Amino acid sequence: MSESVSASASMTEGWQRASKWSVLHFLFEQLKHSVNLAFYAVPALLLGAHNNIPEELMPLLLLGLGVTFVVSGVLKYWFFQFTVSKTGIAIRSGVFDRTYTDLPFERIQNVKFDQPFYFRFNDMLVVTLDTAGSAKQEARFAGVTRDYAEAVKHTILQARKVLQTQAKDASDEEAVSSESDIADRVINRRSIKDLVLHGITNNRIWILLGAAAPFYDQGTNWVIEQMTALRPHIEQWFGSEAVTFWYVGVMTAMVAFGLLVIMALLSVGGSILMYYGYTLSKRDDKYIRRSGLINRQEVSMKHSRIQVFRMQQDWLDRLLKRVNLYFEQNVTGTQYQPEAKATNKLLVPSVTVAEAESLADDVFAQQHARHIQYTGAHVRYFWRLMFIVVLPLTLGVGSLTIGILGAYGVLLTLAFVGCASVVARACWKRWGLAHDDNYIYLRKGAFGVDYWCFPRSKLQQVALRTNIFMKKRRLVSLDLILASGRLTMPYLSEEVAYALADHSLAEIERDKPGWM
């Protein structure tokens, strides 16, 4: 193809190459692989392998590695070709190990645009096509113009709609074509303040840690002075053997405090890098997220593919009245991806409660996740936590503190039991399950709270689990299986669980709704 792939290029013109600028993409990918290999090569050089290489040959060796690096990137560009036809997209790549990928339009689940920093100056994109049920991203081509990328996306969307409406007449097809030209409607933006809050709350760090940064040096000196002054009293109260424990404990707490501050600053910086310029738009039946300071990303998600939404509020989110809102779709066969790059999950970071309610209503109309009455877990779930989690931890803490501090360790053990019991009770009380005519709701958490909501029609499978102890009390754990994953409600009464399962599955069998 020519210097850059243009939007006016025919979608059926045969095999073509992307812009020559895509060499930058292949070189950068090659650089990432080289860095990974360096973790193995550098130790060998440090252990003496470099002594076997004459010094006069070292410049030639480095030059050869550099030339090989560049040639490898150029060859990968030259042997990478793709074609967009009326039925799908095909890609062939590889220098020695040639691969061919044929991707029909009906298998494409998401079209994602990335703009790495090396493409920012000429506004070129990396287009990634994700497929349902794929263990990895099956198609990616780099170095195309924004117009061409939008044209490919438009072709895919239009082809999918035509496939879904084959039986309709020509007037319906014209309507489909006009719908795809609808402009984006921005429904949410995130400011720098919102992103800072997201970085802080997502890292579980107190908001005062950042404000206290200028006083850390003075605070450290003051703590050391107080420790020195208290040393005679510590020896008098607990004995000389406790002094070492005292110093180690305080210094460990100071180091942990410093690490938490660093993590908080890194979290805020990462939040701004990933979500700078965040916009959530809606075009026809698709939600589109655009964000990124250095690498611009665009992820789209079809409305009908959204399986569940989750409102996540940790304790600090509740204090600041913020919510992290997730829309999740099919994850069959997918591998773990970072939050900002995940194509099966769309995050709206640190929105207000009112904004979260509005966006959730836009996806699932007339949902009542935050206002419906929930059925809680049986009290035996609390005692299960006490015996399986709290008791073993108490024995470990007690043996450690009593062994070091003697009788005074009993006080620390009792304090630990009290705190752990409060956390266990909060976890038990937070569990809840509810449903109405259209949706099923799940609630969990401790001092924070998470809400899940999904339509009954998205339910694929129901599993009821029990054991000998639960059977006596007619209790079960209910597993609700969706395309986006599994949700579990523990220690629910058999009557409630069977009623929900029977009613939901009977409704699905009768109506046969499409979950995609």
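Tyrosine 118 counts as buried, because its relative accessibility is 10% (buried means under 20% relative accessible area, exposed over 50%, partly exposed in between, with a 1.4 Å probe and protein chains only). The model is predicted: local features need pLDDT of at least 70, side-chain atom pairs count only at pLDDT 80 or more, and totals for chains, interfaces and linings use all residues. Residues are numbered from 1 along each chain as its sequence is written, and side-chain values use heavy atoms, with hydrogens and water left out.

**Aromatic rings**

- The structure holds 19 aromatic pairs; rings of Phe, Tyr and Trp (its six-membered ring) pair if their centres lie within 6.5 Å, and planes under 30 degrees apart count as stacked, over 60 as edge-to-face and the rest as tilted.
- Phenylalanine 117 and tyrosine 118 make an edge-to-face pair, because their planes stand at 75 degrees, with ring centres 5.3 Å apart.
- Phenylalanine 117 is partly exposed, with a relative accessible area of 45%.
- Tyrosine 118 also pairs edge-to-face with phenylalanine 119, at 5.0 Å centre to centre and 70 degrees between the planes.
- Tyrosine 118 and phenylalanine 119 are both buried.
- One aromatic cluster is formed by Phe28, Phe117, Tyr118 and Phe119.

**Charges over rings**

- The charged end of arginine 17 sits over the ring of tryptophan 78, 3.7 Å from its centre (a charge sits over a ring if NZ of Lys or CZ of Arg is within 6 Å of the ring centre and within 35 degrees of the ring normal).
- Tryptophan 15 has the charged end of arginine 92 over its ring, 4.0 Å from the centre.

**The open sheet**

- An open sheet of 7 strands has the order β6-β5-β4-β10-β9-β8-β7, with antiparallel pairing; two strands pair if DSSP finds at least two bridges between them.
- β6 (139–145) and β7 (185–189) stand at the edges with a single partner strand each, so one side of each is left without a neighbour in the sheet.
- Neighbouring strands of this sheet are turned by 20 degrees against each other on average, direction ignored (axes are lines fitted to C-alpha atoms, for helices over the stretch in contact, and angles run from 0 to 180 degrees between N-to-C directions).
- Strand β4 (residues 108–115) and strand β10 (residues 296–302) run antiparallel and are joined by 3 bridges.
- Phenylalanine 113 stands opposite glutamate 298 in β10.

**Helix α10**

- Helix α10 (residues 353–363) packs on the sheet, touching β7, β8 (279–283) and β9 (286–291), and its direction makes about 145 degrees with that of β7.
- The buried residues of α10 are Ala356, Glu357, Leu359, Ala360 and Val363.
- These buried residues pack against β7, β8, β9, β11 (308–313), β12 (322–328) and β13 (345–352).

**Arginine 322**

- Arginine 322 has its place in strand β12.
- Arginine 322 counts as buried because its relative accessibility is 11%.
- Leaving aside neighbours within four places in sequence, arginine 322 is in contact (heavy atoms within 4.5 Å) with residues including Arg190, Asp194, Gln313, Asp317 and Ser350.

**The whole chain**

- The protein chain has 14 helices and 20 strands; helices (H or I, at least four residues) and strands (E, at least two) are DSSP runs, numbered from the N terminus.
- Of the 516 residues of the protein chain, 42% count as buried.
- Among contacts in the protein chain with a separation of 6 or more, 58% are between residues 24 or more positions apart.
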